[in-house]
Amino acid sequence: MPENMPETRINVFNDSPARVQTPAPQAPQVEYASLMERFVALLIDYGLIMIPGQVILMLATRNMELEMAHIYALTGLLNAVFVLYMAVFSCGGRVPLGKKLVGIAVTSADDPEAPIGFMRALLRSVGYYFSAGLLMCGFLMAFFEERKRALEDFMGRSVVVRLRPKGIMETVAITLTGLAIIAAYAGVFYSQTFAKGSAVQLAYIDRAQKTLEDLSLLQEIHRSQYGYFTNDLQRLVLLSGDPVQFQRDIQRTLDRRGFKLGVSRNTYKIIARAKDTRHTQVVFIPYRDR
């Protein structure tokens, strides 16, 4: 090496190897439940509480002769049980039966992987009634919101996510099930609103008709004793054997404002209104005149 050549020293220990850039972990992809999935789950959970409750209510009406005020109170109690059920099983990582069957769950809007607390779940459950009360528009908000949130989700600061991916067959099955349940609920609604009415309403009408039959029997007794039919209700009540109880039965089953007792020489006709919500008219005509 020539004497005047500058010497270059390389410290190999100071040269660190090139750093390898590792990609940042991606957040898990969240799939939000469709409106049909949510609707099927909601109707399953609602039927889980309300169908047995309606059966119990119908039996109680027939056997205990409840007043309409009691019917309204028991119906309110059933809805309160539904709200509490949905609240308890929508918080703390729990899932209501309907949502479990469909494969969806309620989570926090702030963190879709975290559950919501009880108070937020309670507000969300109450929100169902606001959504329904606004002519279902509260539910339809899910069509236009980015994360498919309905009114109850905004009230509870929640989202509804899918617990598992769904294939075509499961999606079709959920859609068909939803359409079938909607048709069944629509049929029940039509029957209770425009047709014969609910089982509870029919029970009230049957009780009113039974009271008219009892009055008819008293008319026949009155004629056998006095030789004529009477339009004096109190005379018939006195013939019942227990006037106080029979008077209570009339007050419990008939609306006195629509009561008419028409009498002619050889026949009679009794017209009244039942104490159902529609005040259905009931009529009794002796079998010989039908």
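Author: Gladly; we will go from the overall picture to the strands and then to the salt bridges. Keep in mind that this is a predicted model.

Reader: How many helices and strands does the protein have?

Author: The protein has ten helices and five strands. Of its 290 residues, 37% count as buried. Its accessible surface comes to about 17900 Å², and carbon and sulfur atoms hold 62% of that.

Reader: What share of the contacts with a separation of 6 or more comes from residues 24 or more positions apart?

Author: Such pairs account for 63% of those contacts.

Reader: Now the strands. Is strand 4 enclosed or open?

Author: A residue is called buried when its relative accessible area is under 20%. Five of the seven residues of strand 4 (residues 268-274) are buried, so this strand is largely enclosed by the rest of the structure.

Reader: Which strands pair with strand 4?

Author: Look for bridges on either partner. Strand 3 (residues 254-263) pairs with strand 4 in the antiparallel sense over six bridges, and strand 5 (residues 281-284) pairs with strand 4, also antiparallel, over four bridges.

Reader: How many residues lie between the strands in each hairpin?

Author: Four residues separate strand 3 from strand 4. The hairpin of strand 4 and strand 5 has six residues between the strands, and there histidine 279 takes a positive phi near 50°.

Reader: On to charges. How many salt bridges are there in the whole structure?

Author: A search finds eleven. To read one, check the closest N and O atoms, then ask where the two residues sit in the chain. Arginine 162 forms a salt bridge with glutamate 37, with those atoms 3.1 Å apart. Arginine 162 lies in strand 2 and glutamate 37 in helix 1, so the pair ties together parts that are 125 residues apart in sequence. Arginine 162 also bridges to glutamate 31, again at 3.1 Å.

Reader: Where do lysine 210 and aspartate 214 lie?

Author: Both are in helix 8 (residues 199-226), four residues apart, which is about one turn of the helix.

How values were computed: Residues numbered from 1 in each chain as written. Predicted model: local features only at pLDDT ≥ 70, side-chain atom pairs only at ≥ 80, totals over all residues. Heavy atoms only, no water. Helix = DSSP H or I, 4+ residues; strand = E, 2+ residues; numbered from the N terminus. Buried < 20%, exposed > 50% of the residue type's maximum accessible area, 1.4 Å probe, protein only. Contact = heavy atoms within 4.5 Å. Areas by Shrake-Rupley, 256 points an atom, 1.4 Å probe, with all protein chains shown as cover. Pairing = 2+ DSSP bridges. Salt bridge = Lys/Arg side-chain N within 4 Å of Asp/Glu carboxyl O.
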